[in-house]
Amino acid sequence: MGIILALLTSLFSTAQNTAVKKSAVKSDIFLVAWSIGTFSLVVIFPFFVALVFWQGMPEFTKEFWVSLIYKTPLMVIAYLCYVKAYKHGDLSLISPLLALTPAIILVIAPFVINQKASIGGALGVGLIVIGAYVLNFSASKEGFLKPIGKLFRDKGAKYMMLTASIWGGTSIIDTLGVRGVRGSSLQAGVSWAFFTSLVLVLVLTPFIIRKIRMIFKKTERKKFFMSGAFMGMAEICQMTAMTMLLAAYVNAIKRFSMVLGVIIGAIFFKEQDIQNRLTGSIIMLAGVILIILSV
C-alpha cells in the first residue's frame with residue numbers, strides 16, 4: 001500500500017508542477033504560494049474532519065509540535081523558491097533537479113533518524129550529479145564544465161536547487177512530525193499534511209491580503225485552484241506513505257515526476273533540448289533508485 005501511495009504522490013506532484021508553471025509566469029510568487037497552501041487545505045480538511053469523526057482526535061506529542069515549528073520557516077522559504085523556479089525556468093530543466101532531494105536526505109538521515117548511507121547510496125548520488133551534467137550536455141561543446149556552469153547561471157535552476165536542498169531537510173522533519181501523531185497511519189499522515197498547509201497559509205496571508213482578489217478572477221482561479229488541489233492530494237498520499245516506508249524510499253518514488261515533467265515540458269510548453277534533458281532526468285532517476293535500493 002505504501003508503494004501505491006508513493007506512486008500516486010508522483011502523479012499528483014507532476015500535475016501540481018504543471019499547474020504551478022502555468023500560474024507562476026505572470027503572477028506574484030507570494031500569491032501563488034499562498035494559493036497552493038489554501039487550496040491544498042480545501043482538499044485536506046474534509047479528510048481530516050472525517051478521520052476525527054470516525055477514529056477520534058489523535059494525540060499530538062511534543063515531537064509533533066517541535067517538528068512543525070522547525071519546519072515552518074524552511075517550508076515557507078522553500079515554497080517561495082519553488083514558485084520562483086517555475087516562474088523563470090523551463091519545466092523540463094528544473095523538474096529533474098528535484099532528484100537532489102533524496103541525495104540530501106541520504107546525507108542528513110544518519111544524524112537525525114538513524115538511516116545509514118552505503119556505497120550504493122554514494123554511487124546513486126554520483127549518478128544524480130552526472131545526470132545534472134547531461135541536462136545541459138549540448139553546452140559541453142563550449143567546454144567540459146560549461147553544462148554545470150550553465151545550470152548555475154539559469155535563474156530557475158538555481159531556485160530549484162535551493163528548493164530541493166531545503167526539501168531534503170524538511171523531508172526528515174516530516175518523518176519526525178508524522179511519528180509524533182499517536183493514531184492510525186492515515187490519521188498521522190493527514191494530520192501532518194493538514195497542519196503544515198494551515199501554517200503555510202497563516203504565515204503567507206499578511207503578504208497577499210491586498211492581492212487576494214486576483215485569485216478569484218475568472219481567467220486565473222482554475223490555475224490557482226489546481227495548483228493547490230493537486231498538492232493537497234499529493235500531501236495526503238506522501239505523508240501517509242511515510243508512515244509505511246522509509247523517507248528516502250517515498251521521496252525516490254515521488255521523483256519519477258521529474259521525468260514526467262520533461263515530457264510535459266516538451267508537449268505542452270514546446271521547450272527545447274528535450275533529448276538531453278530526458279536523458280539526464282533518466283540518469284538522475286537511476287541514481288535515486290540506487291539510493292533507495294541501498295537504504
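Predicted model: local features only at pLDDT ≥ 70, side-chain atom pairs only at ≥ 80, totals over all residues.

User: Is leucine 198 buried, partly exposed or exposed, and what is its relative accessible area?

Analyst: Leucine 198 has a relative accessible area of 27%, so it counts as partly exposed. In sequence it is 160 residues away from threonine 38, yet the C-alpha atoms of leucine 198 and threonine 38 are 7.6 Å apart in space.

User: OK, on to voids. How many cavities of 30 Å³ or more are there?

Analyst: The count comes to 2 cavities of 30 Å³ or more, and the largest cavity holds about 270 Å³ of space. That largest cavity is lined by 21 residues, of which Tyr79, Trp167, Glu235, Gln238 and Lys254 are the closest to its centre.

User: Which helices supply at least two residues of that lining, and which gives the most?

Analyst: Helices H1 (2–24), H3 (62–88), H8 (155–179), H10 (221–241) and H11 (247–254) each supply at least two residues to the lining of the largest cavity. The most comes from H10, which gives 5 residues.

User: What's the lining of the largest cavity like by class?

Analyst: The lining of the largest cavity divides into 8 nonpolar, 8 polar and 5 charged residues.

User: And the largest pocket, how much space lies in it, and what lines it?

Analyst: About 190 Å³ of space lies in the largest pocket, and the residues lining it are Leu5, Phe47, Ala50, Leu51, Trp54, Leu186, Val190, Met233, Ile236, Cys237 and Thr240. The elements that give two or more residues to this pocket lining are helix H2 (29–55), H9 and H10. By class, the pocket lining has 10 nonpolar residues, 1 polar residue and no charged ones.

User: H10 keeps coming up. How many of its residues are buried, and how far apart are its end C-alpha atoms?

Analyst: H10 is mostly covered, with 15 of its 21 residues buried. The end C-alpha atoms of H10 are 30 Å apart, which agrees with the 30 Å that its 21 residues should span at 1.5 Å a residue.

User: Cys237 was in the pocket lining. How many disulfides does the structure hold?

Analyst: The structure holds 0 disulfides. Cysteine 237 has a relative accessible area of 9%, and because this is under the 20% cut-off it counts as buried. Cysteine 81 is likewise counted as buried, since its relative accessibility is 8%.

User: Switching to rings: how many aromatic pairs are there?

Analyst: There are 17 aromatic pairs in the structure. One of them joins phenylalanine 64 and tryptophan 192 in an edge-to-face arrangement, with 5.2 Å from centre to centre and 80 degrees between the planes. Since phenylalanine 64 lies in helix H3 and tryptophan 192 in helix H9 (residues 185–208), this pair ties together parts of the chain that are 128 residues apart in sequence. Phenylalanine 64 and tryptophan 192 are both buried.

User: What about tyrosine 82 and tryptophan 167, how are their planes set?

Analyst: The planes of tyrosine 82 and tryptophan 167 stand at 45 degrees, with the ring centres 5.3 Å apart, so this pair is tilted. The pair links distant parts of the chain, because tyrosine 82 sits in helix H3 and tryptophan 167 in helix H8, 85 residues apart. Tyrosine 82 and tryptophan 167 are both buried.

User: Which residues do ring pairs link into a cluster?

Analyst: Ring pairs link Phe45, Phe48, Phe60, Phe64, Trp65, Trp192, Phe194 and Phe195 into a cluster.

User: Last topic, backbone. Which residues have a positive phi although they are not glycine?

Analyst: Most residues other than glycine have a negative phi. Lysine 270 has a positive phi of about 55 degrees although it is not a glycine, and aspartate 273 has a positive phi of about 60 degrees.

User: Where is lysine 270 found, and where is aspartate 273?

Analyst: Lysine 270 lies in the loop between helix H12 (257–268) and helix H13 (274–294), and aspartate 273 is found in the loop between H12 and H13. Lysine 270 counts as exposed, at 60% relative accessibility, whereas aspartate 273, at 25%, counts as partly exposed.

Technical notes:
Residues numbered from 1 in each chain as written. Heavy atoms only, no water. 1 Å grid on protein atoms, 1.4 Å probe; cavity = no way out; pocket = protein on both sides within 12 Å on 5 of 7 lines; lining within 4 Å. Points joined across faces, edges and corners; volume = space filled by probe spheres on them. Helix = DSSP H or I, 4+ residues; strand = E, 2+ residues; numbered from the N terminus. Nonpolar A, V, L, I, M, F, W, Y, C, P; charged D, E, K, R; others polar. Disulfide = S-S within 2.5 Å. Buried < 20%, exposed > 50% of the residue type's maximum accessible area, 1.4 Å probe, protein only. Phe/Tyr/Trp six-rings, centres within 6.5 Å; stacked < 30°, edge-to-face > 60°. Expected span 1.5 Å × (residues − 1).
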